[in-house]
Structures are given as C-alpha cells and as structure tokens.
Amino acid sequence: MTAHEIDFRIYGEEMQYVEIELDPQEGVIAEAGSFMMMDDGIKMETIFGDGSQKDSGFFGKILGAGKRILTGESLFMTAFYNDLVGKRNVSFASPYPGKIIPIDLTEFGGKFICQKDAFLCAAKGVSVGIEFSKKLGRGLFGGEGFIMQKLEGDGMAFVHAGGTMARKELLAGESLRVDTGCIVGFDQTVDYDIEFVGGIKNTVFGGEGLFFAKLQGPGTVYVQSLPFSRLAGRVLASAPRGGGKDKGEGSILGGLGDLLDGDNRF
C-alpha cells in the first residue's frame with residue numbers, strides 16, 4: 001500500500017466524530033477545522049496540498065495547493081503523525097449534523113468522486129484533487145455539483161453527509177435524479193450529468209431549481225438529505241433582519257411572549 005493503513009471507529013449518532021488509531025510512524029491528513037482531539041505524542045504539521053506522492057517536489061506542491069483553491073478550500077491541510085512507540089488516537093468531528101462515511105478506496109477501484117465540501121480526513125498518502133466536468137451542461141448549470149473532488153489511492157478516506165445518508169446501488173443503465181446539492185459522492189463508474197427540470201409550471205413555480213443531477217449506473221451513489229447550503233439558507237432566512245427581533249416562534253404574544261418565557265434578549 002502507498003497510503004498508511006489505519007484503524008478507526010466512528011462515535012455518535014447525529015453529531016458524529018471519527019477516532020483514528022495510528023501505529024508508530026503512521027499519519028492522517030485532514031481539512032483545517034475538522035480536528036477534535038488527540039493523544040499525547042502525536043505531531044501536527046501544516047502542509048501544502050495533501051502531502052501525497054503526486055505532490056512531491058516544489059511544483060507538485062504548488063499545483064496541489066492551487067487545485068484546492070478551485071474547490072474553495074484552504075491552501076493548507078493538516079497532517080497528524082504518531083512519532084512515539086505504541087498506538088495513539090486522533091479524532092475528527094463532523095462540521096454539522098449528519099453521518100461520517102468511511103470510504104475504502106480499494107473497494108472503489110482506487111478513486112471516489114465527492115462533493116467539494118464533503119471530504120473530512122484520510123490516511124496519509126491518499127491524494128485529494130479535483131474532478132473537472134467534461135460536459136458543457138455540468139459546467140454551466142451544475143451549481144454546487146460543478147467542481148467535484150476526487151479521492152485517489154489505496155487507503156481509507158472519510159466524507160461527511162448532512163442529515164440522513166442514503167446509499168444507492170445502481171445497476172448498469174439504471175439512473176437516479178438528485179438535487180445537485182444533495183450529492184455526497186459516487187463511484188468513478190457512475191456517469192454524472194445535469195438535466196433541465198422541464199415544464200413551464202415547474203420552471204416558474206417549482207421552487208426546486210431549474211436543473212437536477214442525473215446519475216447513471218453501474219456504481220454506488222451516496223445522497224444526503226441536508227446539504228450545508230440548504231441548512232445555511234434556512235438559518236439565514238429565519239434570522240432577524242435590520243437589527244430587529246425574531247417573529248416569536250409563531251407565538252400570538254410575539255415579543256411579550258419572549259418576556260414571559262425568559263427570552264429577554266435586547
């Protein structure tokens with residue numbers, strides 16, 4: 001194996017975290033901000049790109065970092081190494097309610113394609129790159145699903161799905177239509193394209209967007225019920241505007257109800 005062989009355990013239900021067990025000299029890479037806790041003796045190092053063999057050399061590291069800019073991620077990733085004798089643990093947390101999905105890249109032919117903000121962490125040696133769309137429709141209308149990340153190698157990787165996760169096994173020629181933001185990731189054998197919803201009423205009054213993703217098998221597809229953009233949009237829509245207070249959670253008393261129930265914010 002070119003990637004480090006790591007053991008892991010996932011804890012929790014709605015707000016999960018993954019605990020990774022590192023043998024001496026083993027390492028794991030993670031997105032900035034996903035770290036939760038680690039045992040004494042683990043060394044933390046900030047690196048350009050993903051630190052894989054594909055990014056070896058100065059220009060390789062610059063190219064790897066540049067790819068991450070295109071996906072909206074930080075230039076840097078964080079690597080954690082066990083420098084002592086004996087096993088040590090390091091844990092990484094979900095960014096918002098959902099499920100952590102372990103991906104054994106050897107079961108996916110060495111490559112898995114995922115939404116650009118789904119990646120959480122992976123064994124050292126796994127390459128985290130970008131999957132450019134080769135189809136005009138995806139490029140123009142793909143929205144959140146336009147630029148996908150690709151995880152390559154022979155180690156373990158972990159991605160996050162918001163809300164409830166659904167795993168679909170598509171047969172050859174079988175297709176699934178999904179909201180572009182609800183895609184978590186899929187097998188490299190799955191064909192991915194964008195389709196117009198169609199119909200005047202659907203287009204004008206549907207409220208679901210003009211396009212959806214069409215995923216055609218064979219292969220495995222992971223779908224999430226609550227993409228972060230949808231969660232953030234609903235929170236923003238419910239936030240008080242113009243410095244005013246909220247709407248009182250539907251209470252007929254409104255602001256007076258806040259005084260009575262102890263919500264005395266000013």
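**Group meeting: strands and ring pairs in a predicted model**

In this protein, 77% of the contacts with a separation of 6 or more are between residues 24 or more positions apart. Please keep in mind that this is a predicted model. The secondary structure comes to five helices and 19 strands. Of the 266 residues, 42% are buried. The accessible surface is about 14200 Å², and carbon and sulfur atoms hold 58% of that.

Now the sheet. Six strands form an open sheet with antiparallel pairing, in the order β11-β12-β9-β16-β19-β14. Which strands stand at the edges? They are β11, residues 127-131, and β14, residues 165-170. Each has a single partner strand, so one side of each is left without a neighbour in the sheet. On average, and ignoring direction, neighbouring strands here are turned by 20 degrees against each other.

Inside that order, take β9, residues 111-115, and β12, residues 148-152. These two run antiparallel and are joined by five bridges. If you want a place to look, Q115 stands opposite M148 in β12.

Y17 is found in β2, residues 17-22. Is Y17 buried or exposed? Its relative accessibility is 19%, and the cut-off for buried is under 20%, so Y17 counts as buried. Leaving out residues up to four places away in sequence, Y17 touches R9, I10, Y11, M36, M37, S91, F92, A93 and I100. From Y17 to S34 is 17 residues in sequence, and 9.4 Å in space from C-alpha to C-alpha.

F92, one of those contacts of Y17, brings me to the aromatic rings. Ring pairs link F92 with F35 and F80 into a cluster.

Across the whole structure, a search finds eight aromatic pairs. One of them is F8 with F158: the ring centres are 5.0 Å apart and the planes are at 75 degrees, so this pair is edge-to-face. F8 lies in β1, residues 7-11, and F158 in β13, residues 156-162, so the pair ties together parts that are 150 residues apart in sequence. F8 is partly exposed, with a relative accessible area of 33%, whereas F158 is buried, at 0%.

Another aromatic pair is F186 with Y192, which is tilted, with 5.5 Å centre to centre and 50 degrees between the planes. F186 counts as buried at 2% relative accessibility, and Y192 is buried with a relative accessible area of 2%.

That is where I will stop.

Note on methods: Residues numbered from 1 in each chain as written. Predicted model: local features only at pLDDT ≥ 70, side-chain atom pairs only at ≥ 80, totals over all residues. Heavy atoms only, no water. Pairing = 2+ DSSP bridges. Helix = DSSP H or I, 4+ residues; strand = E, 2+ residues; numbered from the N terminus. Axes fitted to C-alpha atoms, helices over the stretch in contact; angles between N-to-C directions. Buried < 20%, exposed > 50% of the residue type's maximum accessible area, 1.4 Å probe, protein only. Contact = heavy atoms within 4.5 Å. Areas by Shrake-Rupley, 256 points an atom, 1.4 Å probe, with all protein chains shown as cover. Phe/Tyr/Trp six-rings, centres within 6.5 Å; stacked < 30°, edge-to-face > 60°.
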